[in-house]
Amino acid sequence: MTTPNSRRPRTSALRLRARDVDRAAVCDVLDAAYSNGQLSDVEHRHRTEATRSARTLADLDRLVRDLQVRPDLQDAVPTPPSLRDARWAVALSAAVVLVCGIVVVTSGRDHDEPATAAATTTELTTAAGLGRMLDEIAHQLGNSEVDQLTVYPEYATFSRPVPSKPGLAQRYEYQVEKGQARITENGTSSNRTEGVPINLAELRPNVPRVIGLLHGADRTLRVDDPTRIHMEAKRGDDGPVVSIHLWNEDAGAQGFLTVGFDGAVRSVYRSDQ
């Protein structure tokens with residue numbers, strides 16, 4: 001006699017639907033693999049794009065199954081126990097240096113420079129890229145205070161108050177060229193944003209959370225295949241926030257969400273609203 005349970009096949013772990021947190025975990029693994037030389041720039045970009053559209057745990061597993069996964073990321077990767085144990089053994093056999101949770105790769109930089117990401121990290125909309133930029137701003141400019149920061153995949157712009165001139169703002173541009181992070185002055189502005197500058201050091205611990213939200217934003221905001229994205233860090237009504245903006249210019253769809261520097265989502269504006 002056939003029972004209802006026997007008529008319905010059991011769903012394997014890998015056929016389960018992926019969550020945003022699963023996609024964010026895989027993106028962290030890809031960032032680390034890119035930083036320590038396992039993935040090329042093209043491979044990292046393609047796998048990251050595939051992660052954003054992954055629907056099941058099987059889709060995610062295929063993107064990381066050939067990688068050596070850092071020990072601190074093992075538990076977050078959505079893989080079967082047998083594969084997880086194997087990767088754990090491989091990871092333990094490979095010596096890596098961790099600073100602030102990010103793999104450090106020797107890059108020929110001076111010892112007093114921040115060593116929080118690989119020198120080859122160029123895409124700022126990854127956890128490694130965004131984290132490195134925040135560290136570079138603090139190191140090169142002496143502190144993490146800005147009036148506003150706008151982040152695109154290839155570069156970022158921000159402004160800071162000019163000392164002793166409260167109404168004047170100095171504009172900057174950040175970009176990674178040939179593995180070297182560069183911050184260049186880009187003129188001044190007399191219409192400085194009012195209010196106390198925001199401190200990007202408060203955002204630094206929650207960079208993986210923000211990037212995870214960015215990777216799932218196309219589904220959250222109902223903007224399929226976005227053609228343009230950027231993030232803005234600024235002062236909101238309830239404190240500093242990051243706003244994530246997506247557009248599909250071909251479909252005329254756009255949406256954005258805001259998240260506090262503490263990683264909590266504050267508001268969501270979908271394309272169909």
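Thr227 touches Trp247, Asn248, Glu249 and Asp250, leaving aside residues up to four places away in sequence, in what is a predicted model. Thr227 belongs to the loop between helix 8 (217-220) and strand 9, and its relative accessible area of 42% makes it partly exposed, because that value falls between the 20% and 50% limits. Among its contacts, Glu249 is reached through its backbone nitrogen, which lies 3.1 Å from the side chain of Thr227, while for Asp250, 23 residues apart from Thr227 along the chain, the separation of the C-alpha atoms is 8.0 Å.

Strand 9, spanning residues 228-236, contains His230. His230 is buried, because its relative accessible area of 9% is under 20%. Not counting residues up to four places away in sequence, His230 touches Thr150, Val151 and Tyr152, and also Ser243, Ile244, His245 and Trp247; Trp247 is likewise touched by Thr227. The side chain of His230 is also joined to that of Glu232 by a polar contact of 3.2 Å.

Elsewhere in the model, helix 6 (residues 127-141) packs with helix 7 (residues 207-215), their axes being 9 Å apart and the angle about 135 degrees. The two helices are therefore oblique to each other, since an angle has to be over 145 degrees to count as roughly antiparallel, and the crossing of helix 6 and helix 7 is right-handed. Helix 6 contributes Ala127, Leu130, Gly131 and Leu134 to the contact, and helix 7 contributes Val207, Pro208 and Ile211. Of the residues in this contact of helix 6 with helix 7, 6 are nonpolar, 1 is polar and none is charged.

Methods
Residues numbered from 1 in each chain as written. Predicted model: local features only at pLDDT ≥ 70, side-chain atom pairs only at ≥ 80, totals over all residues. Heavy atoms only, no water. Helix = DSSP H or I, 4+ residues; strand = E, 2+ residues; numbered from the N terminus. Buried < 20%, exposed > 50% of the residue type's maximum accessible area, 1.4 Å probe, protein only. Polar contact = N/O pair within 3.5 Å; in protein donor to acceptor, adjacent residues only side chain to side chain. Contact = heavy atoms within 4.5 Å. Axes fitted to C-alpha atoms, helices over the stretch in contact; angles between N-to-C directions. Parallel < 35°, antiparallel > 145°, perpendicular 65-115°, else oblique. Left-handed = near helix turned anticlockwise from the far one by under 90°. Nonpolar A, V, L, I, M, F, W, Y, C, P; charged D, E, K, R; others polar.
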